[in-house]
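Q: Please give me a close look at one part of this structure. After that, I'd enjoy a walk through some of its ring contacts.

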Amino acid sequence: MGAHGPAKGFSRWLFTTNHKDIGTMYLWFSFAMFLLGGSFAMIIRAELFQPGLQIVQPEFFNQMTTMHGLVMVFGAIMPAFVGLANWMIPMMIGAPDMALPRMNNWSFWILPPTFALLAATLFMEGGGPNFGWTFYAPLSTTYAPPSVTFFIFAVHAMGISSIMGSINIIATVVNMRAPGMTYMKMPMFVWTWLITAFLLVAVMPVLAGAVTMMLMDIHFGTSFFNAAGGGDPVLFQHVFWFFGHPEVYIIILPAFGVVSEVIPTFSRKPLFGYDSMVYATASIAFLSFIVWAHHMYTVGLPIAGELFFMYATMLIAVPTAAKVFNWITTMFKGSITLETPMLFAIAKVFLFTVGGFSGLMLAIAPADFQYHDSYFVVAHFHYTMVAGAIFALSSAVYYWLPKWTGKMYNETMGKVHFWVSFLGFNLTFFPQHFVGLAGMPRRIPDYNLMFADFNMMSSIGAFIYGSSQLLFLFNIVRTITHGKPVNSDKVWEGATTLEWTVPSPAPYHTFTTPPEVK
Amino acid sequence: MLQQAKRLSKLALSPVLMLLSLVSSGVWAAEPAQRWQTNMTPGVTEVGAKIYDLHMFVFWICVVVGIVVFGVMFYSVFAYRKERHQEPATFHENTKLEIAWTIVPFILLIFMAVPATSTLIEIYNTDDAEVDVLVTGYQWKWKYEYINPDGDNVSFFSNLLTDKAEIGNTEEKGSNYLLEVDEPLVLPVNKKIRFLVTANDVLHAWWVPALAVKRDAIPGFINEAWTMPTETGVYRGQCAELCGRDHGFMPIVVNVVTDAEYQEWMGKKQAEVAELKELMSKEFTMDELVARGKGVYDRSCAACHGANGEGGVGKAIAGSPIATGPVKDHIDVLVNGVPGTAMQAFGTQLNEVDLAAVITYQRNGFGNNMGDMLQPVDIYKFKKGQ
């Protein structure tokens, strides 16, 4: 590979157009953001460890909850999946690289300065964004700290990055599949990302619209969201959630893709119901556009709207359930081994389904009047976002790390990471269902004594889950520096997709001649 | 149907229920049972009970589905481990099975949608209310106004009562820590009460679990909700929409009393309104204004400006350019607040009498000795732009 190897030094990374380099940078960046967003969460849980204000003031607490949400969604989970897409999609469809490599470089390099700017708002006068990751107007417009303008700029920049990344993925998947790879032969991970990319292209401009309207209200005297000027604060929520609801599927669909690769591999059996998986994914994506107002049951929608959004939301359970049944049937009568990626994948299916159940409960509008904006919601979306997306990401990293590095991670350490994560995660978020049902609102820095015990459990769980991620980091670094070389290119006995046909570690340029797919 | 399904599922799951109730009854510590509360309250309204039943109905469906699905899942993992099952099967689709497991969840959803729809329709029916209360969210307190079609409305603010020392951990916390207010909302039992919910500044949400009411308070818009409590008692809730710094310190306390007690309380409140009306046209002496103004200052201003006007979060009153400058500017600051700072607009929170008194007190107390005094009518004229 010598002659066609990468350039040396810093310029290799700054100017690279290689999908593997860019994928690697995305993955490291998102891990750094995961730790940053996690440290915000640790501050939140430390303050909530017991009643009373002890560590931070309410103002800073609000900044922490806001930044935790923003950094985790836009800085950790989304870029991590884009990193996986960059690394794996060309290798899974037999393409030499992404379709638009120069743009690929740009879409990554926008992110680090953007998040540096976002983090810098914490040190600005008036502090960082303190209005929740949903930044409802007018708290985020009329009553916001001056740093909100930087926040708007950051949201625009990360939106641009996401759109460029998605266009690249669409162009790659549509144009660069190996001869013989029809759409219905593509690996599930590629399918889920293709659909996700369309979702991103559709809704990121909506988010951009929302923040642009905010910018106009703050600096140019418009009144989009100001009732006193003829505007409507509820309009903000409609626009935000028209982006925000598909956004949660942008986060979860690639995770569905990951487990659809991992479970068949370790069950040594083909994915059950491939066709219905594709249709289910597409249905979920379609439904995600017509259910946004279920985040707004309490704003005073007319009853016809309330009923429509309730029924449409409940319908999502059908394709989602079909996916879960398919994964389980894939395992049924397989020949299963429980390596770390499989453990994370099974846990993802299990815990995501728990989150799906609470999601179904939340869909029931009359009951949602009691759940809305309580800790029950916090528990629900952490079961879907953390167990659903981050467990899948852990699974993906363990699954493909040997292919990326040519070295094997430490299995024992991986299993310890899994079990500590699993325990810590459930200890953190399961009790939050209880305090939510008992009446604890979300986003409060202090609470009545009746919520004290479960909150303490929750905080202990969070510290356990948080520290287990350092073990993950250690295991990855140790694999790269001291890992034992893998003894086969295929690595996993049951693996079938194209990336396992190239050497491990994957060479800098793969598929210079396209493979034939039968 | 709903009742039957509930009973059946309870029977099937009695061991789980027993375990749950053991946990919730507090075997771990000799604390009051509510410390380990694990479930929603059915509350004290018919609608609340229906919501609770619906919640439990959907919950038990989820539990049953979960047991089946996870049962198959864990069975697969244990029975088809590689060491026990060397040769994996090769099947990868079954159209009949896939259609079946699309239809079955759909049918279950219909079973849930029917009671959900009827409950929702009931929640939306705000007709025939006997008492109307306008609830307005402020940063960070609630204002209640009883709408009286035959006369003057009764209104008051409801502030957090919990001591700063309890929040700062220097004093022991009471059992209603953060859930207590200086003046609760008083409602009669067994009457349909309609809430008109709005906000003055940002979004808030008025939530009392026991009354089964949660409605967003949106500036410029009025939302409706209703309740009919069937038991007297004190019910507590909190603001449920992030509304800025003190979002967590914005409790709601509702005191549901018998009709006779309610009438008596309302009579007293209406007498206060009448008295205030009289005071509006009264000519106050300096001593009266200062005495009343001190009370208002200690209640509403001292937290930020210091007990002796020495300043704190807010600027010092003693020797301040506002309190020693033109009277009109001073009134303006109190009535309209100072945008972009913590100084709120007190024009709607305090009445003309209290505003006149507190301004007079600020201009003559703390060594300011300006000598001028204000009458309620001056404030009234200012508000009218005269």
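**A helix and some rings**

A: Happy to! In this predicted model, helix α9 of chain B spans residues 327-336, and its buried residues are H330(B), I331(B), V333(B), L334(B) and V335(B). After α9(B) comes G337(B), with a positive phi near 70°.

Now for the rings. Searching the whole structure gives 74 aromatic pairs over all chains. One of them joins F344(A) and Y398(A): the ring centres are 5.9 Å apart and the planes meet at 15°, so this pair is stacked. F344(A) belongs to helix α12 (residues 340-363) of chain A and Y398(A) to helix α14 (residues 375-405) of chain A, so the pair ties together parts 54 residues apart in sequence. F344(A) is buried, at 1% relative accessible area, and Y398(A) is buried, at 1%.

Y383(A) and F425(A) also pair, with centres 4.8 Å apart and planes at 65°, so they are edge-to-face. Because Y383(A) lies in α14 of chain A and F425(A) in α15 (residues 411-437) of chain A, this pair links parts 42 residues apart in sequence. Y383(A) is buried, with a relative accessible area of 1%, and F425(A) is buried, with 0%.

Charged side chains meet rings too. R12(A) sits over the face of W13(A), 4.2 Å from the ring centre, while K282(B) lies over the face of F284(B), at 4.9 Å from the ring centre.

How values were computed
Residues numbered from 1 in each chain as written. Chains lettered and ligands numbered in written order. Predicted model: local features only at pLDDT ≥ 70, side-chain atom pairs only at ≥ 80, totals over all residues. Heavy atoms only, no water. Buried < 20%, exposed > 50% of the residue type's maximum accessible area, 1.4 Å probe, protein only. Helix = DSSP H or I, 4+ residues; strand = E, 2+ residues; numbered from the N terminus. Phe/Tyr/Trp six-rings, centres within 6.5 Å; stacked < 30°, edge-to-face > 60°. Lys NZ or Arg CZ within 6 Å of the ring centre and 35° of its normal.
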